[in-house]
Amino acid sequence: MVAQEESKLRVYNTLTARIEEFRPIKGRRVRMFVCGPTVYDYSHLGHARTYVAFDIVARFLRKLGYSVFYLMNITDIDDKIIKKAQESGTTAQEIADKYTEAFFEDMKTLNITSVNLYAKATDHIDEIIDQVSVLIDKGYAYEANGSVYYEVRKFKDFGKLSGQSLENLIAGARVEVVEEKKNPEDFALWKAKKEGEPFWQSPWGLGRPGWHVEDTAITMTYFGAQYDIHGGARDLIFPHHEAEIAIAEAITGVKPFVKYWMHTGFLNIEGEKMSKSLGNIIRIRDIVKKYDPMAVRFYLAYTHYRKPIDFTTETMDDVVRAYNRIMGAYRLLCEQSEGNKNELAERADNVMHDFMKEMMYDFNTRNAIASIFRLVDDVYKYGEDSTPQAKAKARRVMEEFFDIIGISPIIATHAEIFENIMDILLSIREEARKRRDWETADKIRSELKKIGIIVEDTANGPRWKIGASMRSIAN
RNA sequence: GCCGAGGUGACAGAGAGGCUAUGUGGCGGACUGCAGAUCCGUUUUACGGGAGUUCAAAUCUCCCCCUCGGCACCA
């Protein structure tokens with residue numbers, strides 16, 4: 001699908017605080033970086049919100065014909081990881097590996113598949129050291145007791161992303177006092193090794209990288225001095241993204257370091273921020289036990305990415321009902337039928353157009369979904385009386401929608417559902433046997449045998465297995 | 001204090017000056033062995049308050065009120 005002339009893609013850019021026409025730096029190629037997780041714990045719904053949002057962005061850009069290189073870092077060395085390792089008596093590496101693996105599992109569960117490359121901080125230590133060295137050479141950074149700090153005052157544009165002046169920032173600061181820093185606002189690029197901490201060799205002695213510089217080191221490795229989209233949640237605007245700009249633009253002199261800065265709104269729980277102290281953190285792996293992961297994904301896409309989401313079970317349940325309405329319509333479209341009405345075909349065309357138009361305006365998934373509901377209405381209204389062609393057309397539109405929103409309607413739990421159906425069927429058969437209703441019991445057994453499922457009654461209850469069918473022998 | 005995002009019908013949430021957003025729920029009806037799904041109708045002055053600009057404002061301007069977030073290693 002190719003972008004229509006009259007509807008150009010528009011994107012809200014935090015840097016300019018405006019919705020702008022999206023034009024990549026290099027033709028149809030888009031380089032997009034999103035701040036990944038610090039792997040010291042399981043990922044929660046807030047992570048899911050942000051990563052689903054950017055997954056949709058990448059999917060939609062590709063749908064428009066852009067070639068997207070989607071890069072995400074993994075912060076696998078950090079204070080919190082080290083702390084956790086010390087508490088649990090293992091190494092930082094083990095903690096990082098464990099939660100990196102868990103993160104990938106969670107991403108897979110939510111069908112977040114559009115990232116081309118995950119880059120770990122610890123795989124880019126050389127590049128980080130290079131950047132820190134250049135910053136020292138250019139006079140933006142200084143070494144103190146084996147640590148290296150970025151001298152924020154040296155970078156004149158500091159604060160341009162968050163719309164703050166350095167003076168204002170300092171006025172409200174509650175920064176931890178570190179003796180060796182020249183100024184309280186300076187941030188660590190390299191941290192000297194402390195007892196019991198992991199470390200790497202550097203020109204300033206043993207130590208480990210600071211947070212902000214890992215992202216610039218990674219993006220410059222794969223993208224160079226400038227790239228198209230940098231994403232992350234709102235809370236990263238300051239100081240993290242501000243610091244990234246300071247590092248990158250000081251090193252290369254190329255401005256802007258990133259053309260479009262995109263930030264997702266926060267996800268709160270019952271009106272409160274998720275936090276350890278409130279004990280209201282909802283992990284991805286827990287929520288998907290209660291709700292279909294695709295419904296969770298739908299829930300996250302149901303609010304525009306820049307708006308805050310207030311998660312409550314009530315709103316989640318509302319959205320699940322809406323989700324089921326869509327899925328019911330899709331099921332109807334998958335059924336065979338022969339009618340002669342053609343309304344659905346025309347509606348499908350209109351909805352496809354509207355859907356794309358809404359997505360074009362800063363990825364307005366909420367409005368895009370609203371347009372899908374207009375198709376859903378008509379599917380229920382005309383579906384059964386429609387021509388196979390009209391149904392096929394409507395089905396294609398819905399599948400296009402699933403594809404962009406990232407919902408896979410064929411749920412990966414078919415095996416699980418199958419097991420449950422067998423349980424139900426066999427329990428009905430057991431009840432029949434207790435009633436000595438042998439006719440029903442035998443019918444169930446013989447019908448199942450016809451489709452290759454063999455039921456055996458044992459002293460411990462019924463068992464079943466899938467036997468070799470005649471067909472598979474023939475093959 | 002500074003910066004930012006918001007305040008829209010019972011609830012959730014889109015609104016790019018003029019065009020019933022949408023979803024969920026409630027109520028009434030159709031269909032139905034029951035339940036569910038679906039359909040039809042209904043919930044017919046929704047835009048935090050006040051000024052202003054305009055033929056026309058939820059949308060633009062100004063003032064005020066309220067909520068939430070960020071303010072130095074949080075997605």
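In this predicted model, Thr 264 belongs to strand E11, which spans residues 258-264. The relative accessible area of Thr 264 is 0%, so this residue is classed as buried, the cut-off for that class being under 20%. Beyond its neighbours up to four places away in sequence, Thr 264 touches Arg 49, Thr 50, Ala 53, Phe 54, Gly 232, Ala 233, Arg 234 and Tyr 305.

Ile 218 counts as buried because its relative accessibility is 0%. When neighbours within four places in sequence are left aside, the residues in contact with Ile 218 are Phe 33, Leu 71, Asn 73, Ala 119, Lys 120, Ala 121 and His 124. Between Ile 218 and Pro 239 there are 21 residues of separation in sequence, and the C-alpha to C-alpha distance of this pair is 18 Å.

Helix H6 (residues 212-223) also packs against helix H4 (residues 125-137), with an angle of about 105° and a distance of 9 Å between the axes. Since angles from 65 to 115 degrees count as roughly perpendicular, H4 and H6 are therefore described as roughly perpendicular to each other. On the side of H4, the contact is formed by Glu 127, Ile 128, Gln 131 and Val 132. On the side of H6, Val 213, Glu 214, Thr 216, Ala 217, Met 220 and Thr 221 take part. By residue class, the contact of H4 with H6 comprises five nonpolar, three polar and two charged residues.

At the level of the whole chain, the domain assignment of chain A gives domain 1 (10-273), domain 2 (336-405) and domain 3 (414-472). The centres of domain 1 and domain 3, taken over C-alpha atoms, lie 56 Å apart.

The contacts of Leu 45, not counting residues up to four places away in sequence, are with Leu 267, Met 274, Ile 282, Ile 284, Ile 287, Val 296, Leu 300 and Phe 311.

How values were computed
Residues are numbered from 1 along each chain as its sequence is written. Chains are lettered from A and ligands numbered from 1 in the order in which they are written. This is a predicted model: local features need pLDDT of at least 70, side-chain atom pairs count only at pLDDT 80 or more; totals for chains, interfaces and linings use all residues. Side-chain values use heavy atoms; hydrogens and water are left out. Contact means heavy atoms within 4.5 Å. Axes are lines fitted to C-alpha atoms, for helices over the stretch in contact, and angles run from 0 to 180 degrees between N-to-C directions. Helices (H or I, at least four residues) and strands (E, at least two) are DSSP runs, numbered from the N terminus. Angles under 35 degrees count as roughly parallel, over 145 as roughly antiparallel, 65 to 115 as roughly perpendicular and the rest as oblique. Ala, Val, Leu, Ile, Met, Phe, Trp, Tyr, Cys and Pro count as nonpolar, Asp, Glu, Lys and Arg as charged, and the others, Gly among them, as polar. Domain bounds come from an automatic or database domain assignment. Buried means under 20% relative accessible area, exposed over 50%, partly exposed in between (1.4 Å probe, protein chains only).
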